[in-house]
2 protein chains.
Amino acid sequence: MTFGDHIREVREQRRRESTAFSVRQVAQRIEVEPAYLSKIERNLVPPPSERTIRRLAEELHEDPDVLLAMAGKVSLDLQEIIRRRPRRFAELLRQLREAPDPALSRLVREVRDGDW
Amino acid sequence: MTFGDHIREVREQRRRESTAFSVRQVAQRIEVEPAYLSKIERNLVPPPSERTIRRLAEELHEDPDVLLAMAGKVSLDLQEIIRRRPRRFAELLRQLREAPDPALSRLVREVRDGDW
DNA sequence: TGTCATGTGTACTACATAGTACACACTTGT
DNA sequence: ACAAGTGTGTACTATGTAGTACACATGACA
């Protein structure tokens, strides 16, 4: 599923409950032209900038990192973290590339809880 | 120190030993115009593309991830790893943002050795 | 002394990114 | 019936990215 398809689906879903989620109204709140949002949802243009994706995420209660990933992007703050210590983070990420999801999940939890 | 400064320094250093490291010769081997490499080294243009940075890294025996970081970029293969599981990797990286370097280093080692 | 390589200044270009602006046809509530 | 809101087609634009092409002055060296 493309970025545009997903946005359209989520927006329409919100719309069933609230009427305030027309293309025009959402576009106005995230400060882009309605025609542009329409094109995004129909995949007539590439996904928008990180800034616009973040506003969309907030408006639709979606995870910004997931939306960015669907758009083929990585959050600038994550890039910044990597850039500060490129060797260590590059090695860590490449080691974890093929890690099964439960293992990765456990690692995240352990790091969070300080058990390491 | 900027990307350009660093490249100039490393290239000149290699040159003291080998004569094959003039701007022109290196430029030819990495397949860019000499004038362009010259401008890169003097910071007259922004750092080049990932592709060109990788060729420079190989030519000068430098770590590509470090050069990319100096250029304000993150390797596309690392971005790809994050994009495949954005939630987990986003959380992991943000948790490790402030981790002291020895701790990070230990974690990398532990993951590498499978002690986890 | 001529030639050869060197570094660099200037001008230009192709393509991508991230949108805006406006008009139009259709539907819908009153 | 009509005003208001809706989604969208078309045309255009500004800025960034990633370079190329060529000419020129300088220095080395045989």
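A salt bridge here is a side-chain nitrogen of Lys or Arg within 4 Å of a carboxyl oxygen of Asp or Glu. With that in hand, here are the close-up views, all taken from a predicted model.

**View 1. A salt-bridge network that takes in residues of chain A and chain B.** A:Glu50, A:Arg54, A:Asp65, A:Asp77 and B:Arg94 are linked in this network of salt bridges. Let your eye settle on A:Asp65, which sits in helix 5 of chain A, spanning residues 64-70. Its side chain makes a polar contact with the side chain of B:Arg94 at 2.9 Å. Is A:Asp65 buried or exposed? A:Asp65 counts as buried because its relative accessible area is 11%, and the cut-off for buried is under 20%. Leaving aside residues up to four places away in sequence, A:Asp65 touches A:Ser75 and A:Leu78, along with B:Pro86, B:Ala90 and B:Arg94.

**View 2. The interface of chain A and chain B.** Here 40 residues from chain A meet 40 residues from chain B. About 4200 Å² of area is buried between the two chains, and carbon and sulfur atoms give 66% of this. Ten salt bridges are found across the interface; one of them joins the side chains of A:Arg88 and B:Asp101, with N to O at 2.8 Å. Polar contacts link 18 residue pairs between chain A and chain B, counting pairs with both residues at pLDDT 80 or more. On the side of chain A that touches chain B, the elements giving two or more residues are helix 5, helix 6 (76-84), helix 7 (86-96) and helix 8 (101-113). Helix 7 of chain A gives the most, with eleven residues. By class, this side of chain A has 20 nonpolar, five polar and 15 charged residues.

**View 3. Protein residues around DNA strand D.** A:Arg24 places a polar side-chain atom 2.3 Å from a base oxygen of DNA strand D. The side chain of A:Arg42 instead has an N or O atom 2.3 Å from a phosphate oxygen, while a polar side-chain atom of B:Thr52 lies 3.2 Å from a phosphate oxygen. Helix 3 of chain A supplies the largest share of the surface near DNA strand D, four residues. That surface holds eight nonpolar, five polar and ten charged residues.

View 4. The side chains of A:Glu59 and A:Arg29 meet at 2.6 Å, N to O. This pair links distant parts of the chain, with A:Glu59 in helix 4 (residues 50-60) and A:Arg29 in helix 2, 30 residues apart. A:Glu59 is buried, at 17% relative accessible area, whereas A:Arg29 is partly exposed, at 37%.

View 5. A:Glu80 and A:Arg84 pair through their side chains at 2.9 Å, N to O. Both lie in helix 6, four residues apart, which is about one turn of the helix. A:Arg84 counts as exposed because its relative accessible area is 61%, and exposed begins over 50%. A:Glu80 is partly exposed, at 27%.

How values were computed:
Residues numbered from 1 in each chain as written. Chains lettered and ligands numbered in written order. Predicted model: local features only at pLDDT ≥ 70, side-chain atom pairs only at ≥ 80, totals over all residues. Heavy atoms only, no water. Buried < 20%, exposed > 50% of the residue type's maximum accessible area, 1.4 Å probe, protein only. Polar contact = N/O pair within 3.5 Å; in protein donor to acceptor, adjacent residues only side chain to side chain. Contact = heavy atoms within 4.5 Å. Nonpolar A, V, L, I, M, F, W, Y, C, P; charged D, E, K, R; others polar. Buried area = accessible area lost by both parts, 1.4 Å probe.
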